[in-house]
Amino acid sequence: MAATVLTHYRSPWTRTIDVDAQLQTFRDGVRCPGRLPALLRAGRDLLAAAPASCAYSFTLFITWWTLRGISEFAGHRLILSASTNLHNMRREPVQVLVASAFWTEGGFPWVTIVGFLTLMAFAERWLGTLRWIMVFATGHVATTLLIVTGIAYAVDHRLIPLKVAVASDVGSSYGFSSILAALAFHLRGIPRAMWAVGLIGWYGYAAIVGRTFTDYGHLTAIAVGFVSGALAVTVSRQLERMRDRSARAAQAEAESAESSESAASAEPSGSSGKLPSGSGR
């Protein structure tokens with residue numbers, strides 16, 4: 001039974017959805033008489049399958065509440081201490097890489113929290129919690145390292161002001177953007193292309209207009225997400241092909257052994273090997 005389950009298992013990276021079918025299912029659910037309870041159950045099931053996204057949203061609320069309860073000066077110092085700027089990355093890279101992802105600047109991060117409870121929860125339900133965390137962390141860490149490396153080069157060559165080395169840079173947007181890029185591999189056909197082009201166009205336009213290292217970071221993050229997703233899909237398909245070949249070879253060997261046993265049992269039995277009885281004298 002276990003072997004059968006493993007043979008039919010498919011990695012989430014190789015599972016795609018039909019957008020038209022999903023939209024039709026949603027429209028049918030909205031039109032049905034008990035649509036409100038059905039939508040509530042769907043939302044409950046979505047959040048139940050995304051514990052990391054829910055926990056992340058709650059953590060963002062707690063950190064925002066912490067900043068709200070202290071003075072503006074203390075809050076600014078706290079944000080600077082958790083920022084992944086060049087100064088902090090040279091002193092305490094691991095600490096700020098982790099801490100920076102759980103703080104936000106400005107007012108209540110309702111857009112980010114809603115995004116985690118919808119898009120990120122959907123991605124987590126598709127990938128599973130562990131894979132979701134890996135893609136999110138890869139996007140956050142890899143993008144930060146690439147951007148900090150570029151800032152270090154620009155500062156050393158006096159291409160940008162030195163104050164950029166101590167600028168505040170916190171938030172979950174790099175990991176968020178990488179997950180959005182990885183979601184393209186859950187679609188198929190034209191919707192996948194439209195999603196990818198839309199992300200590139202949106203973040204590319206923001207980078208051209210804004211021209212800040214954060215804007216370039218978002219563009220880099222979706223590139224990291226696309227690369228991570230492409231590698232994961234390629235490896236998953238290769239592993240599934242290897243598994244299928246092994247399963248077919250094992251099945252062929254079992255059928256061959258069964259055929260040999262059947263042929264052996266069908267052969268007529270020979271003589272017993274005993275001599276006929278007689279006097280012998």
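Residues are numbered from 1 along each chain as its sequence is written, and side-chain values use heavy atoms, with hydrogens and water left out. Because the model is predicted, local features need pLDDT of at least 70 and side-chain atom pairs count only at pLDDT 80 or more, whereas totals for chains, interfaces and linings use all residues.

The second largest pocket has a volume of about 580 Å³. A pocket is an open set of points on a 1 Å grid over the protein atoms alone, where a 1.4 Å probe fits, with protein on both sides within 12 Å along at least five of seven lines; lining residues have an atom within 4 Å of a point. Grid points are joined across faces, edges and corners, and the volume is the space filled by probe spheres set on the points. The lining comprises 26 residues, of which Thr-112, Ser-172, Ser-173, Tyr-174 and His-218 lie nearest the pocket centre. At least two lining residues come from each of α8 (110-127), α9 (129-156), α10 (173-182), α11 (190-210) and α12 (213-266); helices are DSSP runs (H or I, at least four residues) numbered from the N terminus. Helix α10 gives the most, with five residues. By class, the lining has 10 nonpolar, 13 polar and three charged residues, where Ala, Val, Leu, Ile, Met, Phe, Trp, Tyr, Cys and Pro count as nonpolar, Asp, Glu, Lys and Arg as charged, and the others, Gly among them, as polar.

The axes of α9 and α10 come within 7 Å and cross at roughly 120°, which makes α9 oblique to α10. Axes are lines fitted to C-alpha atoms, for helices over the stretch in contact, and angles run from 0 to 180 degrees between N-to-C directions. Angles under 35 degrees count as roughly parallel, over 145 as roughly antiparallel, 65 to 115 as roughly perpendicular and the rest as oblique. In the contact (heavy atoms within 4.5 Å), α9 residues including Trp-132, Phe-136 and His-140 meet α10 residues including Tyr-174, Phe-176 and Ile-179. This contact has eight nonpolar, six polar and no charged residues.

The axes of α8 and α9 also come within 7 Å and cross at roughly 120°, an arrangement that makes α8 oblique to α9. Phe-116, Met-120, Ala-123, Glu-124 and Leu-127 in α8 meet Thr-129, Arg-131, Trp-132, Val-135 and Phe-136 in α9. These residues divide into seven nonpolar, one polar and two charged.

Helix α4 (residues 51-68) packs with α9 at an angle of about 50°, their axes 9 Å apart; the two are therefore oblique to each other. Here Pro-51, Ala-52, Ser-53 and Tyr-56 of α4 meet Thr-129, Trp-132, Ile-133 and Phe-136 of α9.
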